[in-house]
Amino acid sequence: MGKRRPGTPTLEEVAAHAGVGRGTVSRVVNNEAGVKESTRRAVQQAIAELGYVPNLAARSLAGRRADAVALVMTEPDWRNFAEPFFSEIVTSIGDALADTGMQLLLTLVRSDTERRRFLEFARGGRVDGVLLMSVHADDPLPDMLAEARLPTVLLGRRSADEHVSYVDADNVGGARSAVARLLESGRRTIATITGPLDMYVTRCRLRGYREALAQAGVEARPSWVAEGDFTEESGRRAMARLIERHPEIDGVLAASDTTAAGALEALRAAGRRVPQDVAVIGFDDFPLAERTEPRLTTVRQPLEEIGRAMVRLLLEELEESSVAWRHVILRTELVVRDSA
């Protein structure tokens with residue numbers, strides 16, 4: 001650190017080329033106030049002509065930006081990282097950061113030891129802000145980051161009264177519209193396969209499911225609900241249990257498209273036709289939904305928009321640290337295909 005590659009221009013050389021002092025170049029590089037617009041343009045032109053690259057490590061040590069954002073995944077089960085949701089979100093966030101010049105650092109935090117280690121890492125100036133995903137209800141990491149005054153944005157939320165900035169989809173409305181679709185098609189024994197019940201996203205979708213049934217005058221029986229973990233295997237197991245409990249089931253709302261794919265396999269193994277005997281609706285609208293047999297009706301989450309909104313909120317907090325936390329909830333859309 002601190003060594004200069006042969007031919008790499010220095011701050012002093014940029015200053016001489018622009019005809020200004022070294023401090024002026026430093027202020028322009030760090031986007032500080034107090035520089036005339038004509039001078040700023042002259043410095044930026046000199047930077048472009050010489051190919052100057054700021055020493056980000058030195059800037060970090062000087063208490064300035066690290067030009068890096070951490071995307072922290074807190075899911076304790078490694079298998080769940082194979083699910084499409086994670087790769088879709090990582091891609092959308094990476095795309096949103098592409099033009100900012102900031103690096104995206106991926107890290108796993110699954111235990112108290114790893115939480116403390118990551119907090120020390122982040123407080124050490126190695127990242128400018130944190131994006132969190134797959135946060136469960138009792139996870140203290142968002143509060144730890146808030147207490148350390150580190151700009152933080154959650155994907156989803158831990159509860160209805162979340163006090164950290166977050167971006168979420170309308171999970172209640174999405175589930176309600178899906179069950180309404182099943183009811184409109186004449187289904188009356190409608191089950192649901194949920195995600196982990198300690199996640200607020202799961203409870204929101206379960207609420208939407210129950211609300212739609214109640215509005216139609218259908219009693220939601222507790223035995224119509226089977227807990228899963230968003231994976232295909234959990235969908236397969238849960239669907240098999242539901243068929244055993246209630247052979248008369250004629251509709252299913254699954255917590256994710258991968259869960260729905262597992263449910264389709266269990267229904268096929270039990271000799272049930274989809275959608276003739278049992279209609280199935282998933283959640284997310286991954287490419288997988290177009291490849292299942294039959295093609296999956298699903299609730300589309302605007303994953304690309306979610307990633308952009310998370311990055312936008314984080315950048316706003318970085319620019320104005322005193323800004324209050326913000327909550328953004330984006331609309332979902334029912335995409336009708338063959339399974340319902």
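Student: Which residue of strand 2 stands opposite Leu71?
Tutor: Leu71 stands opposite Leu106 in strand 2. Strands (E, at least two residues) and helices (H or I, at least four) are DSSP runs numbered from the N terminus. This is a predicted model, in which local features need pLDDT of at least 70 and side-chain atom pairs need 80 or more, while totals for chains, interfaces and linings use all residues. Residues are numbered from 1 along each chain as its sequence is written, and side-chain values use heavy atoms, without hydrogens and water.

Student: And how many bridges pair strand 1 with strand 2?
Tutor: Six bridges pair strand 1, residues 68–73, with strand 2, and the sense of the pairing is parallel. Two strands are said to pair if DSSP finds at least two bridges between them.

Student: What order do the strands take in the open sheet with parallel pairing?
Tutor: The order is 2-1-3-4-5-11, which makes six strands in that open sheet. Strand 2 (103–108) and strand 11 (327–330) are the edge strands, each pairing on one side only. From one strand to the next, the twist averages 20 degrees.

Student: OK, and the sheet with mixed pairing, what's its strand order?
Tutor: That open sheet also has six strands, and they follow the order 7-6-8-9-10-12. Its edges are strand 7 (225–227) and strand 12 (333–335), each of which pairs on one side only. The twist there averages 20 degrees from one strand to the next.

Student: How do strand 6 and strand 8 run, parallel or antiparallel?
Tutor: Strand 6 (residues 190–194) and strand 8 (residues 251–254) run parallel, and four bridges join them. If you look for Thr192, you will find that it stands opposite Leu253 in strand 8.

Student: Which strands does helix 11 lie across?
Tutor: Helix 11 lies across strand 6, strand 8, strand 9 (279–284) and strand 10 (297–300), and it runs at about 160 degrees to strand 9. Axes are lines fitted to C-alpha atoms, for helices over the stretch in contact, and the angles between N-to-C directions run from 0 to 180 degrees.

Student: How do helix 10 and helix 11 sit, oblique or parallel to each other?
Tutor: The axes of helix 10 (residues 232–245) and helix 11 (residues 257–269) come within 6 Å and cross at roughly 45 degrees. The two helices are therefore oblique to each other, because angles under 35 degrees count as roughly parallel, over 145 as roughly antiparallel, 65 to 115 as roughly perpendicular and the rest as oblique.

Student: Which residues meet there?
Tutor: From helix 10, the residues include Glu232, Arg236, Met239 and Ile243, and they meet residues of helix 11, including Thr258, Ala263, Glu265 and Leu267. Contact here means heavy atoms within 4.5 Å. By class, the contact of helix 10 with helix 11 has seven nonpolar, five polar and three charged residues. For these classes, Ala, Val, Leu, Ile, Met, Phe, Trp, Tyr, Cys and Pro count as nonpolar, Asp, Glu, Lys and Arg as charged, and the others, Gly among them, as polar.

Student: Why does Ser26 count as buried?
Tutor: Ser26 counts as buried because its relative accessibility is 19%. Ser26 belongs to helix 2 (residues 22–29), and it is 14 residues from Glu12 in sequence and 9.8 Å from it in space, C-alpha to C-alpha.

Student: Last one: what share of the 340 residues is buried?
Tutor: Buried residues make up 51% of the 340 residues in the protein, which has 13 helices and twelve strands.

Technical notes:
Buried < 20%, exposed > 50% of the residue type's maximum accessible area, 1.4 Å probe, protein only.
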